[in-house]
Amino acid sequence: MVKLSNLFVGFLNLCSLLLGIAAISYTVYLHVYGGSACQKSILFPLLLITGLLLITISLPGFVGSFWKLKSLLNAYLLVMLLLIVGFVIFAGFAIFIASQEDHSSGQYELKRTDSRWLGNHFVNHKNWNQIRSCLIDAKVCKKFDTMNAAYSYTKNLSPIELGCCMLPYYCVVDEYTNVTVELPEIGGAAMQGGDNDCNRWSNDIGRRCYYCNSCKAGFVKEIQKEWRFVALAGACAVVLLIIMSAVACKAKSNINPPDHHSKPNDTEAPLPRK
């Protein structure tokens with residue numbers, strides 16, 4: 001009879017197995033019916049890798065727990081151990097990234113990209129083209145088509161909105177009143193301090209300052225804030241994996257090897273004495 005620990009391990013792995021199949025199914029859907037540049041460059045490989053990992057990990061755990069196969073459970077526990085070590089390293093790295101967060105606020109800090117790891121590796125030329133297409137697809141600057149710039153500066157804006165949607169603070173605009181700021185076309189703003197973000201700015205809602213260095217800096221600052229939650233999620237994942245491994249060990253201990261040396265039946269007739 002399948003015991004409770006075996007049922008628990010089997011149920012959890014069945015759920016993750018179904019999630020893996022769903023992720024791969026969605027990647028097939030994106031490949032067949034197409035998608036945006038953001039989906040093809042980032043979402044497609046992410047879902048595909050996640051789906052394959054979930055299926056690879058969950059299948060031996062599911063089969064081994066329900067059919068009481070020790071060899072599969074041993075393989076499952078080995079993979080879980082590797083995952084625990086990987087998530088511990090990942091959580092430590094996330095804490096390191098989160099510790100570099102600049103807690104200052106305002107658009108004036110977004111003049112250039114942070115020179116640390118995220119700025120040098122995460123938003124390099126190749127990656128930034130993909131990230132920028134995702135920001136444009138997400139229409140992060142949509143609300144600015146009806147909100148004038150002077151009013152926008154009084155709102156609590158995210159670093160991405162400040163860096164990618166707003167006219168850089170150091171650009172001088174000829175048309176200016178005390179009430180509103182008339183946003184210029186490309187090249188219509190003067191440039192100060194040798195920074196060409198002023199020339200990259202566009203009043204077009206689909207362009208804005210997505211091609212500015214301040215947009216890169218705003219994105220880096222935004223994801224630095226999110227890495228605190230990533231570190232917390234990594235720590236929770238480690239705890240969950242340890243619990244699942246402990247239950248899997250219990251399920252493995254429930255699998256008893258067949259007894260080939262059973263005792264003789266008491267009802268059997270005794271051998272005659274000589």
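Biologist: What is the relative accessible area of Phe90?

Modeller: The model is predicted, so local features need pLDDT of at least 70, side-chain atom pairs count only at pLDDT 80 or more, and totals for chains, interfaces and linings use all residues. Residues are numbered from 1 along each chain as its sequence is written, and side-chain values use heavy atoms, without hydrogens and water. Buried means under 20% relative accessible area, exposed over 50%, and partly exposed in between, with a 1.4 Å probe and protein chains only. Phe90 falls in the partly exposed class, at 34%.

Biologist: What is the angle between the planes of Tyr26 and Tyr29?

Modeller: Rings of Phe, Tyr and Trp (its six-membered ring) pair if their centres lie within 6.5 Å; planes under 30 degrees apart count as stacked, over 60 as edge-to-face and the rest as tilted. The whole structure holds 7 aromatic pairs. Tyr26 and Tyr29 form a stacked one, with 6.0 Å centre to centre and a plane angle of 15°.

Biologist: In which helix do Tyr26 and Tyr29 lie?

Modeller: Helices are DSSP runs (H or I, at least four residues), numbered from the N terminus. Tyr26 is partly exposed at 35%, and Tyr29 is partly exposed at 45%. The two tyrosines are 3 residues apart, about one turn, and both lie in helix 1.

Biologist: How many residues apart in sequence are the parts that Phe90 and Trp227 tie together?

Modeller: The ring centres of Phe90 and Trp227 are 6.0 Å apart with planes at 45°, so this pair is tilted. Phe90 belongs to helix 3 and Trp227 to helix 9, so the parts tied together have a sequence separation of 137 residues.
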